[in-house]
Amino acid sequence: EEIQVSFTSCSDPSLRISSILRGSFAHVDAVRAVFGAIPTEPQPAGEPFQLPLVVLDRFDNECETYSGSFAVTMTGDARVAGDLPPTFEVSGGRAMLPIIDQTAEMVTFTVHNAVLGSGGDGGAVDEATQTPVPGTPRPGGSGAGGGMSSPEQVQVSLPPDANTQVCRVVFGPGDAERLELKVGRPGDEKGYTAPRPTDKSARSLAFPPTSSFAPAAADGDGDDDEEGGGGSSPTQYAAGEEVVVRIRALDRHDNLVKSQECWFTLEATTTPKLDHDLSSATTKAQPAATAQPYLLQLRNGVAEEYLTLTVAGEVSLRLTRPNVTSLDVSASAVLRVIAGKATSVDVVNIPEAATARSMQLVVHARDMYGNVDETFEQEVAIDYDGQLPDGEELVLPKDGLVRLERGVQRLTVPRRRMGGSPLKENPGVNY
């Protein structure tokens with residue numbers, strides 16, 4: 001720094017003395033590097049952050065004539081902008097390193113050889129204290145740091161951890177740009193959600209009984225989405241499973257924006273799997289699938305809805321009607337629901353396929369929700385009670401033993417008069 005010294009008379013204050021001494025003090029030899037001022041507030045993720053480094057002498061003066069380099073390490077996803085080497089190139093006692101981190105996280109930066117002469121860019125080091133000795137020449141220079149060299153060696157006392165300089169910078173999310181949609185099982189390893197709270201009740205995605213045989217898209221067709229959208233095949237669940245749909249507000253680098261508030265609608269459209277054995281035998285029109293809406297609100301950037309899947313087929317999830325129109329809500333997901341294990345066997349008569357001499361029956365193995373268990377491959381026994389019109393009876397093949405394949409078997413059962421008399425064909429009559 002610069003100083004100025006002037007003189008006044010102690011005996012005669014009115015006496016003016018024109019002698020003025022001006023001088024300046026320069027830094028002495030550089031001894032260590034330290035990080036500059038680090039902001040405490042979060043820095044925006046994905047934006048360049050200038051990480052400062054300053055070289056000081058033993059009196060903590062900035063060494064404005066120092067030039068050298070210091071390697072730095074960093075944690076997390078941080079990197080030097082432009083994929084440059086992680087090295088401070090000091091000129092004039094200062095250096096700035098542009099850092100990029102697209103993840104909202106705390107990053108630790110470390111310079112390990114911050115004391116000059118400790119294995120990096122310095123001069124002589126006292127072996128007992130591992131501290132540099134100012135005034136000794138360094139390779140490639142005339143003095144330790146280019147400052148005012150001392151005429152004799154001076155012992156410098158530095159903190160024990162001076163050779164390792166550490167600073168931490170927090171990178172925070174930017175503005176929310178989209179809503180992410182993902183589906184998982186409560187408490188699964190993918191981290192979608194913690195186990196379901198006891199005050200959360202799952203809503204059942206059951207379909208109206210009149211629509212239980214609405215046609216579904218053929219397997220392998222359509223734009224199926226993986227969990228969260230964008231995949232090549234839907235995720236598979238068993239009927240009766242509970243799933244959690246998790247929606248998160250994300251910035252352009254996929255960081256969670258906890259401050260984002262928004263109301264929106266989650267639409268779940270269930271398309272039950274078509275039972276071809278029944279639909280091919282009837283001419284009745286099948287009702288179309290309908291969507292069930294759920295009104296949700298973001299809390300700390302996240303919203304969750306618990307659903308119980310009960311109908312085999314496909315469930316399409318999408319987001320609509322956000323009250324923050326700047327958010328992208330195009331995320332979607334498709335879930336494939338398969339039947340659970342069979343708990344019952346039923347027999348269905350198809351009147352449209354009956355003739356005067358036979359009846360068409362379909363035998364199903366169904367789970368507890370009425371879905372056909374396609375893994376069921378067993379032989380079952382069927383029987384009937386009661387009487388048909390005109391005193392007729394059915395002739396069950398193999399005494400009623402039926403082998404189900406993929407949970408289904410279709411039978412043509414002859415009809416006869418009581419006592420074994422055969423029936424005559426009457427082409428104009430259907431039963």
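Is Arg-321 buried or exposed? Arg-321 is exposed, with a relative accessible area of 56%, and the cut-off for that label is over 50%. Please keep in mind that this is a predicted model. Here are my notes, point by point.

1. As background, most residues other than glycine have a negative phi. Arg-321 also belongs to a network with Glu-267 and Arg-318, joined by salt bridges that share partners.

2. **Another positive phi.** Asp-60 is not a glycine either, and its phi is positive at about 65°. You will find Asp-60 in the loop between strand S5 (49-57) and strand S6 (67-71). Asp-60 counts as partly exposed, because its relative accessibility is 47%.

3. **The largest nonpolar core.** This core has 30 residues, and the members that touch the most others are Leu-179, Leu-181, Val-183, Phe-264 and Leu-317. Several strands each supply at least two residues of the core, among them S15 (178-184), S19 (263-272), S20 (291-297) and S22 (313-320). Strands S21 (302-308) and S23 (332-338) also each supply at least two. The biggest contribution comes from S18, which gives four residues. In soluble globular proteins, nonpolar side chains tend to be buried together.

4. **Salt bridges overall.** The count for the model comes to 14 salt bridges. Side chains of opposite charge can pair when their charged atoms come close.

5. **Arg-252 with Glu-177.** These two side chains meet in a salt bridge at 3.3 Å, N to O. Arg-252 is in the loop between S18 and S19, while Glu-177 is in the loop between strand S14 (165-172) and S15, so the pair ties together parts that are 75 residues apart in sequence. The arginine is exposed, at 59% relative accessible area, whereas Glu-177 is partly exposed at 35%.

6. **Arg-185 with Glu-241.** Here the closest N and O atoms of the salt bridge are 2.6 Å apart. The pair links distant parts of the chain, 56 residues apart: Arg-185 lies in the loop between S15 and strand S16 (203-204), and Glu-241 in the loop between strand S17 (235-238) and S18. Both ends are partly exposed, with Arg-185 at 34% relative accessible area and Glu-241 at 21%.

7. **Asp-83 with Arg-79.** In this salt bridge the closest N and O atoms are 3.7 Å apart. Asp-83 is exposed, with 63% relative accessibility, and Arg-79 is partly exposed, with a relative accessible area of 35%.

8. What does the side chain of Gln-360 contact? It makes a polar contact of 2.8 Å with the side chain of Thr-412. Gln-360 is part of strand S25 (residues 358-366). The glutamine counts as buried because its relative accessibility is 13%, and buried means under 20%.

Technical notes: Residues are numbered from 1 along each chain as its sequence is written. This is a predicted model: local features need pLDDT of at least 70, side-chain atom pairs count only at pLDDT 80 or more; totals for chains, interfaces and linings use all residues. Side-chain values use heavy atoms; hydrogens and water are left out. A nonpolar core is a set of buried Ala, Val, Leu, Ile, Met, Phe, Trp, Tyr and Cys residues joined through side-chain atoms within 4.5 Å. Buried means under 20% relative accessible area, exposed over 50%, partly exposed in between (1.4 Å probe, protein chains only). A polar contact is a pair of N or O atoms within 3.5 Å; within protein, one must be able to donate a hydrogen and the other to accept it, and residues adjacent in sequence count only if both atoms are side-chain atoms. A salt bridge is a side-chain nitrogen of Lys or Arg within 4 Å of a carboxyl oxygen of Asp or Glu.
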